[in-house]
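User: Hello! I am new to this structure and would like a friendly walk through some of its side-chain contacts. Could you help me?

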Amino acid sequence: MKNIMKSMAALAVLILVSCGGKEEKKKEGIQIGQKPAATETPKEAPVSDVKPSQTIDLTNKGVGPIKNVEIAATIDDAMASKGSEIFKSKCMACHKPDKKFIGPAPTGILERRTPEWIMNMILNPEEMTQKDPLAKALLVEFNGSPMANQHLTEEEARQVLEYFRTL
């Protein structure tokens, strides 16, 4: 009798194990009476070959305290000289006037950006790289190296901007 019970228990375990779950396998392909699944290829956003540092945007004023900058037709040499000194002492660790370094070169920046954007980037780099699309793109282009806030005054930032006009 013990052998019969052992055999029955073994048979029951074997049956339970061999049955498996009732998972339905999804059949691929077209079934009669069904429409084929739509195969949409995602549309890719157009990729621009222009780097953010070379992008021209003369409408964006950026994010920060500067809303309007008046620029005279002629360069104020005294202001540009002060701006040059500030640039040399605070900015040259990351920026070279005419070539890419850790940050972009400022030469020709006024042909690509508004004066307000430039000053807001100088005065407010943290918020600019968080909220301004162009500043975000520049952060990516320059390997995630954020611009350090040098805590310049608006007057000092304006002097640096005037220096950029001489480059």
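**Salt bridges and rings**

Analyst: Happy to. Let us start with Arg158 and Glu162, whose side chains meet in a salt bridge with an N to O distance of 2.7 Å. Please keep in mind that this is a predicted model.

User: Which helix holds Arg158 and Glu162, and how many residues apart are they?

Analyst: The two are about one turn of the helix from each other. That helix is H6, and the separation is four residues.

User: Is Glu162 buried or exposed?

Analyst: The relative accessible area of Glu162 is 1%. Buried means under 20%, so Glu162 is buried.

User: What kind of aromatic pair do Phe87 and Tyr163 form?

Analyst: The ring centres of Phe87 and Tyr163 are 5.4 Å apart, with 40° between the planes. Planes under 30 degrees apart count as stacked and over 60 as edge-to-face, so the rest are tilted. The pair of Phe87 and Tyr163 is therefore tilted.

User: Which residues form one aromatic cluster?

Analyst: Tyr163 pairs with Phe87, and Tyr163 also pairs with Phe164, at 6.1 Å centre to centre. The cluster is made of Phe87, Tyr163 and Phe164.

Technical notes
Residues numbered from 1 in each chain as written. Predicted model: local features only at pLDDT ≥ 70, side-chain atom pairs only at ≥ 80, totals over all residues. Heavy atoms only, no water. Phe/Tyr/Trp six-rings, centres within 6.5 Å; stacked < 30°, edge-to-face > 60°. Salt bridge = Lys/Arg side-chain N within 4 Å of Asp/Glu carboxyl O. Buried < 20%, exposed > 50% of the residue type's maximum accessible area, 1.4 Å probe, protein only.
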